[in-house]
Amino acid sequence: MIVLNGDAMQLPAGSSLLDALAQIGITPQSRGVAVAVDGEVVPRTHWEAYSLHDGARVEALTATQGG
Amino acid sequence: MGEDEPLLIARQPLQSRLISGTGGFASLELMAQALAASGSEIATVALRRIDPAARGSLLDVLTEAGVRLLPNTAGCHTARDAVITAKMAREAFGTDWVKLEVIGDTETLLPDAPELLRAAEELIADSFTVLPYTTDDPVLARRLEDLGCAAVMPLGSPIGSGMGIRNPYNLALIREAVRVPVILDAGIGSASDASLAMELGCDAVMVASAISRAQDPVTMALAMRHAVHAGRLAHRAGRIPRRLHAQASTPEEGLAQLG
């Protein structure tokens, strides 16, 4: 189990960050997206090779309107 | 008087001295129209969790508008959160510029000075171009400059309050205290506030809610553009000193004796 943007998510053992992000429609080609796991930024070039451990907290952010 | 020099932030020349926020607009279309009316070359954006159901791309609209993105760290209450958010903004938008906000109080949204200094130091060490949202404290502004911030962004009054510039003397002192650009941030309510900021010597003004939440945001964006320009001209022209009593501009000499 991992937590993606605050929601618990069941993933097969050995799933990568890329697999988790695919669940919300994010690919390495998505514009204006940044991802952190357990508070550390993971560059998009590393998503595929990044194995998620049980309980990993993933934050996937994008631009929103703000001052 | 010759042509005005461009504003330089981190060696980047800018013709417009009005920075626009993108928050609070009823639609992306309205935001785009207001941005165009404002003439702004820089617009702020925030980072939030991806909403798979979201419609329309803010980034596409801003790219179309041709503005430089200034990501903020709005909502961060610790140096650690602000630093991570800035790093995520750099990853997402490919810019090392950041409007650094570290909030210390949820009611007033006033900056947390110790956390702000900590975050600025860490980000500058990581090669970020840091524009910190700060209180109107000249000493803190100088500390931020000493750390290597590219500008300082003192508040006029609390974010979104529309209360204008509560302490113009401090702003004038900040302008004397630092060499980096001073960008008035937060508190602008209407065009006269933006003019006052520029008359006090600020190098630029950042406006968000005063435009986006105005009854007619596009017209208010145009008003702000003119206000910033007028205030800048007035500052360069040099205002007359304030006097308690009148001083006639019409000469006494040659006055007719009529009675």
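The structure is a predicted model, in which local features need pLDDT of at least 70 and side-chain atom pairs count only at pLDDT 80 or more, while totals for chains, interfaces and linings use all residues. Residues are numbered from 1 along each chain as its sequence is written, chains are lettered from A in the order in which they are written, and side-chain values use heavy atoms, with hydrogens and water left out.

**The interface**

In chain B, 31 residues are in contact with 25 residues of chain A, contact meaning heavy atoms within 4.5 Å. The size of an interface is often given as the accessible area lost when the parts come together. Here the buried area is about 2200 Å², and carbon and sulfur atoms give 60% of it; this area is the accessible area (1.4 Å probe) that the two parts lose on being put together, summed over both. On the side of chain B, the residues B:R49, B:I50 and B:M88 lose the most area to chain A, together 33% of what that side buries.

Three salt bridges are counted between the chains, each a side-chain nitrogen of Lys or Arg within 4 Å of a carboxyl oxygen of Asp or Glu. In one salt bridge, the side chains of B:R49 and A:E59 meet at 2.8 Å, N to O.

The elements below each supply at least two residues of the side of chain B that touches chain A. Helices (H or I, at least four residues) and strands (E, at least two) are DSSP runs, numbered from the N terminus.

| Element of chain B | Residues |
|---|---|
| α1 | 28-38 |
| β4 | 42-49 |
| α2 | 58-65 |
| α3 | 79-93 |

The largest share of that side, seven residues, comes from α3(B).

β4(B) also pairs with strand β5 (residues 57-65) of chain A, in the antiparallel sense over five bridges; pairing requires at least two DSSP bridges between two strands. Within this pairing, B:L47 is the bridge partner of A:A63.

**Residue B:S212**

B:S212 is found in helix α8 (residues 209-212) of chain B. B:S212 counts as buried because its relative accessibility is 6%, the limit being under 20% relative accessible area (1.4 Å probe, protein chains only). The side chain of B:S212 reaches the backbone oxygen of B:G23 at 2.7 Å.

Definitions and conventions
Buried means under 20% relative accessible area, exposed over 50%, partly exposed in between (1.4 Å probe, protein chains only). A polar contact is a pair of N or O atoms within 3.5 Å; within protein, one must be able to donate a hydrogen and the other to accept it, and residues adjacent in sequence count only if both atoms are side-chain atoms.
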